[in-house]
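Look at the sequence and the model first, then read on.

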Amino acid sequence: MPEVLKAPLVVEFPFTRSLGPVQSAFLTGLRERVVLGVRTRDGRTLVPPVEYDPVTAEEIRDLVEVAPTGTVTTWAWNHEPRRGQPLSSPFAWVLVRLDGADTALLHVLDAPGPDAVRTGMRVRVRWAEDRVGAITDIACFEPYDGDPAQPTGHSGEFEAPVTGIVAPARLDYTYSPGRAQTAYINALADRRAVGERCPSCRKVYVPPRGACPTCGVATSEQVEVGPAGTVTTFCIVNIKAKNLDIEVPYVYAHIALDGADLALHGRIGGIPYDQVRMGLRVEPVWTEGGRYPDHYRPTGEPDADYEIYKELL
Amino acid sequence: MTAVTRDIAVVAFAQSDVLRSTAEQSEVEMLMPVLHDVLDRTGLKTGDIGFTCSGSCDYLAGRAFSFTLALDGVGAWPPISESHVEMDGAWALYEAWTKLLSGDADTALVYSYGKSSPGSVRDVLTRQLDPYYVAPLWPDSVALAALQAQALIDAGDTDEPALAGIGARSRATDNTRAQLRGSVPQGDYVVRPLRTGDCPPVGDGAAAVILAAGERARELCSRPAWIRGIDHRIEAHGLGVRDLTDSPSTRLAAEKAGAFERPLDTAELHAPFSSQEVVLCKALGLDGNVRVNPSGGALAANPMMAAGLIRIGEAASRIHRGESDRALAHATSGPCLQQNLVAVLEGDPR
């Protein structure tokens, strides 16, 4: 078996999220160096505050300021910070119960080493220099041996409250297409289209995915198909795609390569868009260094009979 | 729980080897042999199955809609009655169980798979966290489990040598499908207090189960593993709201599933971290009379999205083989055992 194909794959997405009234007050408060909690009906103060009581599910809106000082309730030493984490040098993950709160907040503690951290130790907020209304406005916690800071009794009302956050996310993968698609891609490098036949129903799938979706069995017998094929159905694209240097309108079509039992799709060129039709015979056009056909163009053969391709629309 | 009106059993279980990487296989190529294996055990064909339900997560391999591609391995034409959960397959089994309970189907195929090798699962799992207050800090799965482990140590529930003992006992399994077996160095801290040996191996794998109701179950299996009860419960998402040294959701699910009504002989617990086994044993009140994780559990093999279903399959297999009469199977999801499912399985008296 040839070497497994691999390629880097980055999935990156900024989530734009709106905030409820309690979350908005909390994150705006962090921007203003004020830590707010929310009081439940049974008198507990939750920090970080939530919109609904985690026990009764009732809506809670009674904001109360707590101190930026508190006590570590548990910790974990991270000697190898990972991308995106608040500190780039070794730190402790901590749950901190702020003075005045009944629950604990997850954040990080800047400490010289694990020997300097223990459950029950006193800490205080170190504010970020640039604050925007996000949990990261708390840069981290730091050891603190003074008295509990006294909250000022803030009402939770702010000028220009934040109403949303943008949370960027990025995940890195190494993509492998698997056996069947690796074989397909390798054949394409030689400008050949190679599908796989189902041992049960005898259909030839192009591109192959390793399984016959009808029979649920592995396909393995390789079958070269094409290069020419038949347009089985098509659409006219009038929207210019981002980062795609193709003039609109153009035709995007289902093309049944000769010998294939499944149509693949591709762009049709070399013919005015309004002359493309079902049954049109086409062949691939390769560009220098292309890993797959750039588009398909008419072969000039007579159109295929509908009866031949009607199952491949 | 409402009165169970139909007896439903696990009649077959199959799983793949769990491997660090399956780069040479697509998801469906990894899954398909397992589907064929589980069907062969009952003699059923896809067309004989009344309901199919799967569990997987596209984030693991970064492949959108990978579960629809995986369905190619089932052979879903003519169209089958089918569903999917973006969760561990144990929850797919729960959905299938309710489907059978309703009388809409007599048999169900449940499968799940996970390919963690293309990505970094520690980081991928941060994306399941509260997006406002927690996810922006990127606390990885080991870090959160380490906070829980330290809380347990502080509470006097365990210590580092005891945690190491859990990993060693788990990997002393004879389970040939496991990714790690035998003596494995406890290693350095990953996130203190958790060491390599306290953490699950990262691997790829798949599993499948067939459920059947009533007489159909007896036709398909000589000793069906009857699901006497199954329930799942969730805790508050805020980590700082919870007592991380306990698992009231597991206890409640177990109670609703009838776990405490009669003694158990086996428990298959889905504890990805050694410290979480301590929490679960405490929450369930398991004593030395219950054999915990003879399969090796998640510390020997933890294919994401399948490891919970595997617990049910392993417990059922022991009943099939006559090695257990009454077993508890548990599955978890989310950080620090946030959500928990418990099933109680029984064999007919011998």
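In β11(B), Leu328(B) is the bridge partner of Ala267(B). The model in which this pair is found is a predicted one. In general, the strands of a sheet pair through backbone hydrogen bonds, either parallel or antiparallel.

Both strands are part of an open sheet of 10 strands in chain B, with the order β3-β2-β4-β7-β1-β8-β12-β11-β9-β10 and mixed pairing. At its edges are β3 (82-85) and β10 (291-292) of chain B, each of which pairs on one side only.

Two packed helices are described by the angle between their axes and the distance between the axes. The table gives these values for two helix pairs.

| Helix pair | Angle | Distance between axes |
|---|---|---|
| α4 (residues 89-101) and α12 (residues 307-320) of chain B | about 60° | 6 Å |
| α7 (residues 160-171) and α10 (residues 274-284) of chain B | about 95° | 8 Å |

Because an angle of about 95° falls in the range from 65 to 115 degrees, α7(B) is roughly perpendicular to α10(B). In this contact, Leu163(B), Ile166(B) and Gly167(B) of α7(B) meet Ser274(B), Ser275(B) and Glu277(B) of α10(B). By class, the residues of the contact are two nonpolar, three polar and one charged.

The helices α4(B) and α12(B) pack at about 60°, and this angle makes α4(B) oblique to α12(B). Here Gly89(B), Ala90(B) and Leu93(B) in α4(B) meet Gly308(B), Leu309(B) and Ile312(B) in α12(B). The contact of α4(B) with α12(B) has four nonpolar and two polar residues, and no charged ones.

Chain A is divided into domain 1 (7-170) and domain 2 (226-313). The centres of these two domains of chain A, taken over C-alpha atoms, are 56 Å apart.

An open sheet of three strands in chain A has the order β12-β11-β13, with antiparallel pairing. Its edge strands are β12 (204-205) and β13 (221-225) of chain A, and each pairs on one side only. Strand β11 (residues 193-197) of chain A is joined to β12(A) by two bridges, and the two run antiparallel. In this pairing, Arg197(A) stands opposite Val204(A) in β12(A). Helix α2 (residues 179-189) of chain A lies across β11 and β13 of chain A, at about 155° to β11(A).

Strand β17 (residues 281-285) of chain A runs antiparallel to strand β14 (residues 229-237) of chain A, and two bridges join them. Val282(A) in β17(A) is the bridge partner of Gly229(A). β17(A) also pairs with strand β18 (residues 295-298) of chain A, in the antiparallel sense and over four bridges. There, Glu283(A) stands opposite Arg297(A) in β18(A).

How many residues of chain B are in contact with chain A? There are 49 residues on chain B, and they are in contact with 55 residues of chain A. On the side of chain B that touches chain A, the elements that give two or more residues are α1 (27-42), α5 (121-124), α6 (141-154) and β5 (189-191) of chain B. The largest share, six residues, comes from α6(B). By class, this side of chain B has 30 nonpolar, 11 polar and eight charged residues.

Methods. Residues are numbered from 1 along each chain as its sequence is written. Chains are lettered from A and ligands numbered from 1 in the order in which they are written. This is a predicted model: local features need pLDDT of at least 70, side-chain atom pairs count only at pLDDT 80 or more; totals for chains, interfaces and linings use all residues. Two strands pair if DSSP finds at least two bridges between them. Domain bounds come from an automatic or database domain assignment. Axes are lines fitted to C-alpha atoms, for helices over the stretch in contact, and angles run from 0 to 180 degrees between N-to-C directions. Angles under 35 degrees count as roughly parallel, over 145 as roughly antiparallel, 65 to 115 as roughly perpendicular and the rest as oblique. Two residues are in contact if their C-beta atoms, placed from the backbone, lie within 7 Å. Ala, Val, Leu, Ile, Met, Phe, Trp, Tyr, Cys and Pro count as nonpolar, Asp, Glu, Lys and Arg as charged, and the others, Gly among them, as polar.
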